[in-house]
Amino acid sequence: MVIEEFKAQVLADYKFAFLASQVRKLAFEKWGSCVSLTDGVDVAQVALAKYVEGTDRYISSSIDLAYALASGETDAKRFYDRQRRLFSENKVYTPHWQDVLSFAEAYKNSRTALSSDNKASVVFVTLSSDGLGKGVFLESLFAAVVKRLPIAFVVWNDASVYPNATVSKLFSGFSHLHRNRQGVSVQTVKGNDYVALCRTFEHQISVSRSEKAPTLTIVEQSTDDSEKLSKWIVDKQISQPESLLEIERACTEASRYGLDN
């Protein structure tokens, strides 16, 4: 039964990742570059959604569509409706960075924000690599390290600004800011490696919850993330190619729901 549940979870993850890719494609065709969507990390966002719990906060610098679909935050129709409103009002997507530290401090200090096993709720903050050099991010990261706040920073890195190795090296020094070597746990993972993504997020979020400390996860974006997950599913005999085609056909149909009405 455990194996069957695992297979069902993997297929559900694949469904959301593939659906996100189809919805994004249609959104770009209809609204073009005005749609602020992260690309190449659908599998990573779906994997991350597994570790976000009810009292957590998720704050992003762009629209993390695959996460929103996997978490139930939106569906295709609600997403398209929101894009129509933003487009008609000439608004751009803006993150609420000012909330990051206030929520994290509340989670660290408030008993009501703790789960039954005394683990803290977590503030998830996602951003693209071009946001790494911005003052608001650096200030938030530094404050999280100094105050030991339960914040999980996740970078969708396309390597156009910083290679992954450079980012890891750049921020590894934050692990040694204090004499007791308390700092931030920094890990890098490929966006097309489903198993590694799940393991990395599980470790990083566990650190933030149990130690009430910040973590920084750098996810290398990949244009073949859903494709590689599909191949892995078939290779591991989790599903047959015909079944995956059925999932893809259903997702392609679902991606059009609400687009034209």
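How many disulfides does the count come to in this structure? The count comes to zero disulfides, where a disulfide is a pair of cysteine sulfur atoms within 2.5 Å. This is a predicted model, in which local features need pLDDT of at least 70 and side-chain atom pairs count only at pLDDT 80 or more, while totals for chains, interfaces and linings use all residues. Residues are numbered from 1 along each chain as its sequence is written, and side-chain values use heavy atoms, with hydrogens and water left out.

**Cysteines**
- Cys198 has a relative accessible area of 13% and is therefore buried, a word that means under 20%, with exposed meaning over 50% and partly exposed in between (1.4 Å probe, protein chains only).
- Cys251 is also buried, because its relative accessible area is 4%.

**Helices α2 and α8**
- The axes of helix α2 (residues 42-49) and helix α8 (residues 194-211) come within 9 Å and cross at roughly 40 degrees, which makes α2 oblique to α8 (under 35 degrees is roughly parallel, over 145 roughly antiparallel, 65 to 115 roughly perpendicular, and the rest oblique).
- In the contact (heavy atoms within 4.5 Å), α2 contributes Val43, Ala44, Ala47 and Leu48, while α8 contributes Tyr194, Leu197, Cys198 and Phe201.
- By class, this contact of α2 with α8 has eight nonpolar residues, no polar and no charged ones.

**Lys169**
- Lys169 is found in helix α7, which covers residues 164-172, and counts as exposed because its relative accessibility is 70%.
- Lys169 and Val186 lie 17 residues apart in sequence, and their C-alpha atoms are 9.3 Å apart in space.

Technical notes. Helices (H or I, at least four residues) and strands (E, at least two) are DSSP runs, numbered from the N terminus. Axes are lines fitted to C-alpha atoms, for helices over the stretch in contact, and angles run from 0 to 180 degrees between N-to-C directions. Ala, Val, Leu, Ile, Met, Phe, Trp, Tyr, Cys and Pro count as nonpolar, Asp, Glu, Lys and Arg as charged, and the others, Gly among them, as polar.
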